[in-house]
Amino acid sequence: MNTMTMTKMTLKTEGDTHIVVTRRFAASPEAVYRAHTDPKLIQQWLLGPEGWTMPVCINEARPGGKFRYEWRNAKGAGFHITGEYKELKPYSRIVHVERMFLPDPTPDNHVETSFAPDGSGTLMTMRMTLPDEKTRAGMLATGMERGMEASYVRLEEMM
Amino acid sequence: MSSGLSLDTSFAALADPTRRAILARLALGEATVTELAAPFEMTQPAISQHLKVLEEAGLIIRRVEGTKRPRRLAKAGIEAMELWLAMLRKALEKNYDRLDQVLATMESNHEMNPNTKKRKKQ
């Protein structure tokens, strides 16, 4: 895992139903929270593998508010997510529901994200629903419709 | 997940991009060696060698159908799960590395702006 040992992120499954991700940031909970709710900031980092941009980022950061993120790559491939906020507690907790369109909607993913002070930085903990097998296969296959050769390159970037 | 025992072998087998690509293809369904070799500029023996590693790691199994030996994912749910988790991990790590940069920029903009209160420097 060489360079992986340097990473600050952990990702674990919790039972058969959830995934828990933790990550430390060298910034205040307020800053990390804002980066998760301000569209202008979200567009700069929530991009997944290299080569993707988020031309559409609509985010109503209030309880009951909706969001919609659309991703595109240079080859014109794309997909999107829609979601709703259930709970927003500045600057410590966000609860939302989202689903991906591949293009059919995946089952709802319930996501709880917390931001806790950690020394001079922040410990983020994100707990989300583990997608079912069909959804996982769909996510792996995203980008494959443009031909296996392209998807092999893309998958390599993902791994 | 109850796949702890096979994780080390699985990840060793997953260390190679060609093998990951083969698994990604098999996540979509069974395929013959010819089909699996098609996207690569590799000889069939080279592909067969990768398939052997994947078989020995328990990630794929072969079936006999006449002269063909189509491969598929073993215990599809669990192995596809590992592949998916690896993909998710990579995507999230990329995201959070970018977020580090965004936060650093926010912090320096904040400090340069005299209208905002002073903040502790990391």
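**Reading the pocket and the two chains**

Author: In the model shown here, the largest pocket is lined by 43 residues, and Leu46(A), Ile81(A), Glu98(A), Leu88(B) and Leu92(B) lie nearest its centre. This is a predicted model, in which local features need pLDDT of at least 70, side-chain atom pairs count only at pLDDT 80 or more, and totals for chains, interfaces and linings use all residues. Residues are numbered from 1 along each chain as its sequence is written, chains are lettered from A and ligands numbered from 1 in the order in which they are written, and side-chain values use heavy atoms, with hydrogens and water left out.

Reader: How should I picture a pocket, and what volume does the largest pocket have?

Author: Rolling a probe the size of a water molecule over the atoms shows where empty space is left. On a 1 Å grid over the protein atoms alone, a pocket is an open set of points where a 1.4 Å probe fits, with protein on both sides within 12 Å along at least five of seven lines; lining residues have an atom within 4 Å of a point. Here the largest pocket has a volume of about 950 Å³, the space filled by probe spheres set on the points.

Reader: Which element gives the largest share of that lining, and how do the lining residues divide by type?

Author: Helix 5 (residues 76-112) of chain B gives the largest share, with 7 residues. Helices (H or I, at least four residues) and strands (E, at least two) are DSSP runs, numbered from the N terminus. By type, the lining has 28 nonpolar, 10 polar and 5 charged residues. Asp, Glu, Lys and Arg count as charged; Ala, Val, Leu, Ile, Met, Phe, Trp, Tyr, Cys and Pro as nonpolar; and the others, Gly among them, as polar.

Reader: Why is helix 2 of chain B described as largely enclosed?

Author: Buried means under 20% relative accessible area (1.4 Å probe, protein chains only). In helix 2 (residues 17-26) of chain B, 9 of the 10 residues are buried, so the rest of the structure largely encloses this helix. Among the buried ones are Arg19(B), Arg20(B) and Arg25(B).

Reader: What elements does each chain have, and how much of each is buried?

Author: Chain B has 5 helices and 2 strands, in the order α-α-α-α-β-β-α from the N terminus. Of its 122 residues, 46% are buried. Chain A has 4 helices and 8 strands, and 47% of its 159 residues count as buried.

Terms used. Buried < 20%, exposed > 50% of the residue type's maximum accessible area, 1.4 Å probe, protein only.
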